[in-house]
Amino acid sequence: MQHVLVTGAARGLGRALISELVDHGRIVIALVRSQSDAHALTDQFREKVAPLCCDLTSPQLEEQVETFFRRSGIGALDCLVNNAGLSSHVAPLAGIDVSEVGRLLDVNLLGPIRMTKACLPQLLKSEAPLVLNISSRLGSLAGTARKDAPDGSYAYRISKAALNMFTLCMAIDPSLRGVKVISMHPGSIRTAMGGAAAAESAEAAAKKVVAVIDNISSVESGAFLNAEGGRLEW
């Protein structure tokens, strides 16, 4: 697995994944939203990272990705990590901002759909393509029914449950010709999204995610994994 594309690469888990993947000898395409973030990645990682500056919610995304691959000369993409995402505040039904639900669906669900579709020509050129959707245990219907984490927000849970369904839809799509698709809960991470009280650093979580990627051959498409590679209930 040589070429890996990571969305949400400017900070948090995405930035830590960049560093860990480079340490493992991968060439990383790092999707960021600003030129300043792109320059920072280039300054730090040099030729090991190729920044791709665009927005997952942009209607021009597919065209921008196509242009990037044509100009870069990268023919095959071995792994796409749909990492970019948003969180939302916890509130009861009466306090929900419906527009916030739509905003999270746009980024957390439609963003990965747009990105995967845009990268599909390059994924299909890989010998063993992988799409890794960074999800959350809060997107588990079974876990929510058991009230495993009763304080999760409506918008975030809904968006991650929808992302998990996207994973399953791709896993049964016969047109994808061998593309393996996985959802993964990376753990409770100390990032701007996870908060300072979270259990693990972004760097430690990135090591676990890359370890799962390195051993993905033993996992069937359509699995929902935790950070250690164990199975989660949908």
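Visitor: Is Arg 26 buried or exposed?
Guide: Arg 26 is buried, at 8% relative accessible area. Buried means under 20%, exposed over 50%, and partly exposed in between, using a 1.4 Å probe and protein chains only. This is a predicted model: local features need pLDDT of at least 70, side-chain atom pairs count only at pLDDT 80 or more, and totals for chains, interfaces and linings use all residues. Residues are numbered from 1 along each chain as its sequence is written, and side-chain values use heavy atoms, leaving out hydrogens and water.
Visitor: Which residue does Arg 26 form a salt bridge with?
Guide: With Asp 214; their closest N and O atoms are 2.7 Å apart. A salt bridge is a side-chain nitrogen of Lys or Arg within 4 Å of a carboxyl oxygen of Asp or Glu. Asp 214 is partly exposed, at 38% relative accessibility.
Visitor: How many salt bridges does the whole structure have?
Guide: The search finds eleven.
Visitor: What about Glu 100, which partner does it have?
Guide: Arg 103, with the closest N and O atoms 3.7 Å apart. Glu 100 is buried at 13%, while Arg 103 is partly exposed at 42%.
Visitor: And Lys 208, which side chain does it meet?
Guide: Lys 208 meets Glu 200 in a salt bridge, 2.9 Å from N to O. Glu 200 is buried at 18% relative accessibility. Lys 208 is partly exposed at 27%.
Visitor: Which residues are linked in a network?
Guide: Arg 146, Asp 148 and Glu 233 are linked by salt bridges.
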